[in-house]
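Work through the exercises below with the sequence and the 3D view at hand. Try each task before reading its solution.

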Amino acid sequence: QKVIESDVVLLDLDNVANSLQQWTPQFAQPSGRLERKHWWENETMKMMMMIFMATFVLLFVIAVVWTTSSASSNEPTTPVSPAPP
């Protein structure tokens, strides 16, 4: 009796597994599209962050060069006089 009951349960479980396997292709295509969409969003975010960091570094370098060159050009130059005899 228990063998027959467990056989029925296994048969039901097998039917459920088969029906789920038939539904699998319907979810595969949308999940692939969703994965590509998120991949592009991540790549776009990476590119934007790289552009931001490059801009920040470039502005920092320009600021350092600007202050260095303006500081050296603003220094008063004293004429060099010949040594006394």
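## Exercise 1: a tryptophan pair

Trp40 is exposed, at a relative accessible area of 52%. The terms run as follows: buried means under 20% relative accessible area, exposed over 50%, and partly exposed in between, with a 1.4 Å probe and protein chains only. The model is predicted, so local features need pLDDT of at least 70, side-chain atom pairs count only at pLDDT 80 or more, and totals for chains, interfaces and linings use all residues. Residues are numbered from 1 along each chain as its sequence is written, and side-chain values use heavy atoms, with hydrogens and water left out.

Task: find how the rings of Trp39 and Trp40 are arranged.

Solution.
- Start with the rule: rings of Phe, Tyr and Trp (its six-membered ring) pair if their centres lie within 6.5 Å; planes under 30 degrees apart count as stacked, over 60 as edge-to-face and the rest as tilted.
- By this rule there is one aromatic pair.
- The ring centres of Trp39 and Trp40 are 4.9 Å apart and the planes stand at 75 degrees, so the pair is edge-to-face.
- Trp39 is partly exposed, with a relative accessible area of 47%.

## Exercise 2: a salt bridge

Task: which side chains meet in a salt bridge, and at what distance?

Solution.
- A salt bridge needs a side-chain nitrogen of Lys or Arg within 4 Å of a carboxyl oxygen of Asp or Glu.
- The structure holds one.
- Its partners are Glu43 and Lys46, at 3.3 Å from N to O.
- Both residues lie in helix H1, three residues apart, about one turn of the helix.
- Glu43 is partly exposed at 22% relative accessible area. Lys46 is partly exposed too, at 48%.

## Exercise 3: the helix and the annotated span

Task: how many helices and strands does the chain have? Then examine residues 47-66.

Solution.
- Helices (H or I, at least four residues) and strands (E, at least two) are DSSP runs, numbered from the N terminus.
- The chain has one helix and zero strands.
- Helix H1 covers residues 2-73, and Val65 sits in it.
- An unreviewed UniProt entry annotates residues 47-66 as "transmembrane region"; such annotations may be inferred rather than shown by experiment.
- This span is 100% helix and 0% strand, with its end C-alpha atoms 28 Å apart.

## Exercise 4: burial and a serine contact

Task: what share of the chain is buried, and which backbone oxygen does the side chain of Ser19 reach?

Solution.
- Of the 85 residues, 1% count as buried.
- Ser19 lies in helix H1. Ser19 is partly exposed, at 32% relative accessible area.
- The Ser19 side chain reaches the backbone oxygen of Val16 at 2.8 Å.

Technical notes:
Polar contact = N/O pair within 3.5 Å; in protein donor to acceptor, adjacent residues only side chain to side chain.
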